[in-house]
Amino acid sequence: MIVVIMFYMKKTLHLNLHNLNIPVEVTYGTRNRRTFYLCYGIISTTISENSSLSSLRERLEKIFPYEKLAKINLTPLYTDSYVYIFGSVYHFINRGKSSFDYEHCYVNLGNGFLSIKEILYSYIVNRLEELEKIMGLSHHQIKIRNMVTCLGVNHLKSHEITFGIKLVHFSKELIDSVIIHELCHDKVANHSQKFYNLVEQYCQNYKEKTQKLIYGKVN
Ligand SMILES: [Zn+2]
């Protein structure tokens with residue numbers, strides 16, 4: 001038996017699209033996929049290893065007009081010297097790798113140093129419990145993952161919600177809009193008008209908040 005292990009390499013590039021320097025997270029796979037996502041102000045896609053960057057640029061410029069890309073916040077959510085947490089800038093200490101990393105970079109928000117992942121986890125765990133009570137829902141398990149294509153996923157069968165780690169960069173108000181969105185899926189599974197009406201009941205200006213998360217605007 002031959003076992004083939006596939007490694008999908010991820011790389012964040014900065015591509016000149018319509019004369020804007022846009023972050024593009026590329027996953028190198030075996031073939032080109034025609035799916036492109038814009039979330040957290042980052043475009044993500046999968047391309048084959050032998051496809052050229054110029055053809056990727058051309059495709060992206062067709063899919064994303066200037067007007068759309070011009071809405072992206074081009075201030076990085078983190079660099080090697082600072083990180084946005086809950087919408088404000090902090091300096092971090094690195095206990096592991098030499099560059100920024102959600103699990104090895106620690107920030108002190110007033111009660112000791114916690115990793116950036118722990119900071120998001122402890123906020124969401126507490127806020128989720130409050131919102132579950134308000135909405136009359138039972139308790140969910142949570143997971144935090146480094147997702148670039150979405151903000152959160154509610155796994156209805158296992159009663160577990162996965163949140164994107166990049167949410168940590170955004171204001172608590174914006175994070176709450178994602179928690180509310182995912183909790184509302186307990187009542188309405190799809191993205192129908194009925195669903196969005198329900199979300200609006202618990203989250204004012206929901207659409208505006210989602211736009212900020214898509215375009216990487218932290219506040
Ligand atoms: Zn949804």
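A crossing counts as left-handed if the near helix is turned anticlockwise from the far one by less than a right angle, and as right-handed if clockwise. By that rule, helix 4 and helix 5 cross in the right-handed sense. With that term in hand, here are my notes.

1. **What we are looking at.** This is a predicted model, in which local features need pLDDT of at least 70 and side-chain atom pairs count only at pLDDT 80 or more, while totals for chains, interfaces and linings use all residues. Residues are numbered from 1 along each chain as its sequence is written. Helices (H or I, at least four residues) and strands (E, at least two) are DSSP runs, numbered from the N terminus.

2. Let's start with an open sheet of 4 strands in the order 1-2-4-3, with mixed pairing; two strands pair if DSSP finds at least two bridges between them. Strand 1 (9-17) and strand 3 (36-39) are the edge strands with a single partner strand each, so one side of each has no neighbour in the sheet. On average, neighbouring strands of this sheet are turned by 30° against each other, direction ignored.

3. **Pairings around strand 4.** Strand 2 (residues 20-29) runs parallel to strand 4 (residues 42-48), and 6 bridges join the two. To find this pairing on screen, look for E25, whose bridge partner in strand 4 is S44, and for Y28, whose partner in strand 4 is I47. Strand 3 is antiparallel to strand 4, with 4 bridges, and here L38 has I43 as its bridge partner in strand 4.

4. The protein is divided into domain 1 (9-69) and domain 2 (117-215), with bounds that come from an automatic or database domain assignment. Their C-alpha centres lie 27 Å apart. Each domain's share of the contact is 8 residues from domain 1 and 8 residues from domain 2, where residues are in contact if their C-beta atoms, placed from the backbone, lie within 7 Å. On the domain 1 side, strand 3 and strand 4 are the elements that give two or more residues, and strand 3 has the largest share with 3 residues. That side divides into 5 nonpolar, 2 polar and 1 charged; here Ala, Val, Leu, Ile, Met, Phe, Trp, Tyr, Cys and Pro count as nonpolar, Asp, Glu, Lys and Arg as charged, and the others, Gly among them, as polar.

5. Another open sheet has 3 strands in the order 7-8-9, paired antiparallel. Strand 7 (93-94) and strand 9 (113-115) are at its edges with a single partner strand each, so one side of each is left without a neighbour in the sheet. Strand 8 (residues 105-108) pairs with strand 9 in the antiparallel sense over 3 bridges, with N108 opposite F113 in strand 9. Helix 3 (residues 116-135) packs on this sheet, touching strand 8 and strand 9, and its direction makes about 90° with that of strand 9.

6. **Helix 3 against helix 4.** The axes of helix 3 and helix 4 (residues 172-184) come within 10 Å and cross at roughly 55°. That makes helix 3 oblique to helix 4; angles under 35 degrees count as roughly parallel, over 145 as roughly antiparallel, 65 to 115 as roughly perpendicular and the rest as oblique. The crossing is right-handed. Residues in the contact include Y123, I124 and L128 of helix 3 and I175, I179 and L183 of helix 4. By class, the contact has 9 nonpolar, no polar and 4 charged residues.

7. Helix 4 and helix 5 (residues 193-202) have axes that come within 9 Å and cross at roughly 135°, so helix 4 is oblique to helix 5. I180, H181 and C184 of helix 4 meet F195, L198, V199 and Y202 of helix 5, giving 6 nonpolar, 1 polar and no charged residues. Helix 4 packs with helix 6 (residues 206-215) at an angle of about 110°, their axes 10 Å apart, which makes helix 4 roughly perpendicular to helix 6. There, E173, L174 and S177 of helix 4 meet Y206, K209, T210, K212 and L213 of helix 6, and the contact has 3 nonpolar, 2 polar and 3 charged residues.

Terms used
Axes are lines fitted to C-alpha atoms, for helices over the stretch in contact, and angles run from 0 to 180 degrees between N-to-C directions. Two residues are in contact if their C-beta atoms, placed from the backbone, lie within 7 Å.
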